[in-house]
Amino acid sequence: MTTGMDPFIPHTYRVDRVRRETRDVTTLELAPMTGERPAFQPGQFNMLYVFGIGEVAISMSGDPAHANSYVHTVRNVGAVSGAIAALQAGAMLGLRGPFGTAWPAEAAAGNDIVIVAGGLGLAPLRPAIYHVLAHRERYGRVAILYGTRSPRDILYHGEIERWRRRLDVDIAVTVDHADPTWHGNVGVVPKLIQRIDFDPRNTVAMICGPEVMMRFTATALLGAGLSSDCIYLSMERNMKCGIGLCGHCQFGPYFVCKDGPVMRYDRIADILVVREI
Amino acid sequence: MEGLERIVLAHPFFAGLEAELGQLVSGCARNLRFDSGKYLFHEGDAANEFYLIRQGSVALEILPPGQPAVVFATEREGDIVGTSWLVPPYRWRFDARAVELTRAIGIDARCLRDKCEADHHLGYEMMKRFLPVVVQRLDEARLQILDVYGKQDKRS
Amino acid sequence: MAELDLSVGAKATLSHLGLQALIEALAARNYQVLGPTVRDGAIVYDAITTLDDLPAGWTDRQDAGKYRLERRTDKALFGYAVGPQSWKRFLHPPIERLWQARREGDGFALGCPEPAARKFAFLGVRACELHAIGIQDRVFLGGPYLDTGYQQRRLDNFLIAVNCGEAGGTCFCASMSTGPKAEAGFDLALTELLDNGRHSFLVEVGTVLGGEVLAVLPHGPASPEAIATADAVVARTARHMGRHLDTNGIKELLQENPEHPRWDDVAARCLTCANCTMVCPTCFCTTVEDHSDLAGHTAERVRRWDSCFTLDFSYIHGGSVRKENRSRYRQWMTHKLASWIDQFGTSGCVGCGRCITWCPVGIDITAEAAAIRENPRASREAEHGGA
């Protein structure tokens, strides 16, 4: 039996590059030991395995059009993610994927685009941003709103500055609190929505971040006139198999690993507000 | 005065205000400019004015002793700064600093409070505009308190 | 002996001798033959070689939280309902090694899984169990990713169904349209006929393979009387179900009542012991464990049964989504009777009654559903004062 056919068995990948983003967030670039990495769509995730420790679901945060590598931005929050975040270049990982549903970046052509990221949520959205910017002429107005805890926690600094320099993208960054050396916005990310220019009847919104932040943001977007079937969230639940066979990631009737992680807001709005669903 | 009235009515906060009421409000208004780094007011000062921001940005901050000031909100063009003038004892509870060159309209608080007392229709129009701002800021403050980007797992 | 028609749908009769020959014929074809046997005061499924292994003359008395074996007055081989186990423990084993890995240089290499176990022949599969196997087929083989281990085990699975002559105290297959008659999914189906000391089996051919296996066993024609008797047995069983579940609109009923006070009521009783998920023939949740040896040279991943009743099941970001008993019971029952329909197109419940029998506090899924149905949206009425 070839390991290629079995979605339970990881393939081995090598860590090519490691970049410390913030005190607890690391980005790794992974290349397959043999063959080519499978194509992926923005919004999908891989199950990353550290020898003898375990596996964790991490979204792709690289450019789907680029190179033979996967880029993953990982935050140290537990045994496995901590081990991944501590890997050096040259280390080996196991990888299963890509799994899950994608951001509607391609299907949203012809619309205004509003991308709202909170904290580490910018990582799963970055592939969608790359896609939109690579095909900028297909979209109307494009706005990227990014909120995080403090200026120290801002991800992808250099990239954000590059995006900011473009004249065809509206980008606003805010932090929950800062010291006076910060000259940017302070406040929660939904507050930025009233600042941007978009046609609510012709906009697709993609939101990623902590669930509470996504709920507040969706509410603010609805308040701004978007309809609930034009808003997409990236959901997260406990994952073990990543392929819809272990039952752990159920969220109402949905499996976050195969009916998500990207889910349309109107389909989940009622479930999101049920306590401990 | 006419120019000021036009500017006041053009600010998003007063969108839709009847011209007559706009005149009343402008009677309490003045044009202001704050250079970068200048404070609009300090914690503890009498809250005598509220501000319509026309250009620039203002940081709201609090200074805990022995620590750098914590900025907890920024307001920009189109926003307003100041709600403490609405409720006794009419004292500012935090500092407000112009982050960059900021132009604003300052509206005399006592002047406006007196006019609202005399004309309840004006008073109600003001309440209808202030309350949503206060409610929205309360929601935003609650989301901030949740510290959603902070580490959730106390064990790790 | 004239050749009988043993094509799919054909009927014949089998004697005791014939049944014994069936077991031997399957063993000769390299099947591991599994069937019911008495052990530790229950009827469980295990390897069998002769008819003597079967629970002749035994029946079970089941009720909420109660299971007891009792002697029958006859020597029926299949005169019981269902025991604590289901065939799931063979097709979807409680523990399974997925792969092994070994350190090599700076990295590691992964080893392929071990070859599949022997092919299984199941003797005594009830109609509800056939449906349960069909339901798990849809879970493991109907999605975008196949469970290759399950697929292997099902590939050469020979199923001998048995039509129930006894309805269990907690059975409600009639409500779920999953029995008591075995309609499809078997190679052969037996109905035990005990009549004036004569003991035989009506056998129905379900597949070409079933017919081939039957052809070389001592068998006889099925008389119209035998067929009528067999039909009567099943009809009688259908009339004596121990429980009833109204499935009309059950999906909407449960999905629209996540805050019903009944969930608090059952939570006060439920121990979250997970018995129900272990005995349930359709529950499929698993977890994975990664092990390594002390020196860190080899590692393996093992998959084992898990239950949504455990606190850790929904663990994420430093806490569990479903902390309360209430939420976990709601998850299990809503999934079983409602969400399953969205996910796999059928109910997840086959009405076998095991969850009722084996719950240590006797929680009855049919009673819980009835309580919610009696007063839907009760919580909302309470909020608005009934106005």
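This is a predicted model: local features need pLDDT of at least 70, side-chain atom pairs count only at pLDDT 80 or more; totals for chains, interfaces and linings use all residues.

Visitor: What makes strand E9 of chain A mostly covered?

Guide: A residue is buried if 20 or more other C-beta atoms lie within 10 Å of its own, exposed if 12 or fewer, and partly exposed in between, with C-beta atoms placed from the backbone. In strand E9 (residues 170–175) of chain A, 6 of 6 residues are buried, so the strand counts as mostly covered. A:Asp170, A:Ala172 and A:Thr174 point one way, A:Ile171, A:Val173 and A:Val175 the other way, and all are buried.

Visitor: How do you know that E8(A) and E9(A) pair?

Guide: Two strands pair if DSSP finds at least two bridges between them; strands (E, at least two residues) and helices (H or I, at least four) are DSSP runs, numbered from the N terminus. Strand E8 (residues 142–148) of chain A and E9(A) are joined by 6 bridges and therefore pair, running parallel. Within this pairing, A:Leu145 has A:Ala172 as its bridge partner. E9(A) also pairs in the parallel sense with strand E10 (residues 185–186) of chain A, over 2 bridges, where A:Val175 is partnered by A:Val186.

Visitor: Why is the unit of E8(A), helix H3 and E9(A) called right-handed?

Guide: A crossover is right-handed if, with the strands pointing away from the viewer, the path from the first strand over the helix to the second runs clockwise. E8(A), helix H3 (residues 157–165) of chain A and E9(A) make a β-α-β unit that is right-handed, so the path over this helix runs clockwise in that view.

Visitor: What makes E10 and E15 of chain A edge strands?

Guide: The open sheet of 7 strands has the order E10-E9-E8-E7-E11-E12-E15 (chain A), with mixed pairing. E10 and strand E15 (262–264) of chain A are its edge strands, each pairing on one side only. Strand E12 (residues 231–234) of chain A pairs with E15(A) in the antiparallel sense over 3 bridges, and A:Ser234 has A:Val262 as its bridge partner.

Visitor: What makes the largest set of nonpolar residues a core?

Guide: A nonpolar core is a set of buried Ala, Val, Leu, Ile, Met, Phe, Trp, Tyr and Cys residues joined through C-beta atoms within 7 Å. The largest has 197 residues, and those with the most contacts inside it include A:Met206, A:Tyr232 and C:Ala161. Helix H3 (residues 127–141) of chain C gives the largest share, 8 residues. A second, separate core of 33 residues includes B:Phe14 and B:Leu112.

Visitor: How do you know which residues of chain A are in contact with chain C?

Guide: Two residues are in contact if their C-beta atoms, placed from the backbone, lie within 7 Å. By this criterion 34 residues of chain A are in contact with 38 residues of chain C. Strand E4 (54–59) and strand E6 (92–99) of chain A are the elements that give two or more residues to the side of chain A that touches chain C.

Methods: Residues are numbered from 1 along each chain as its sequence is written. Chains are lettered from A and ligands numbered from 1 in the order in which they are written.
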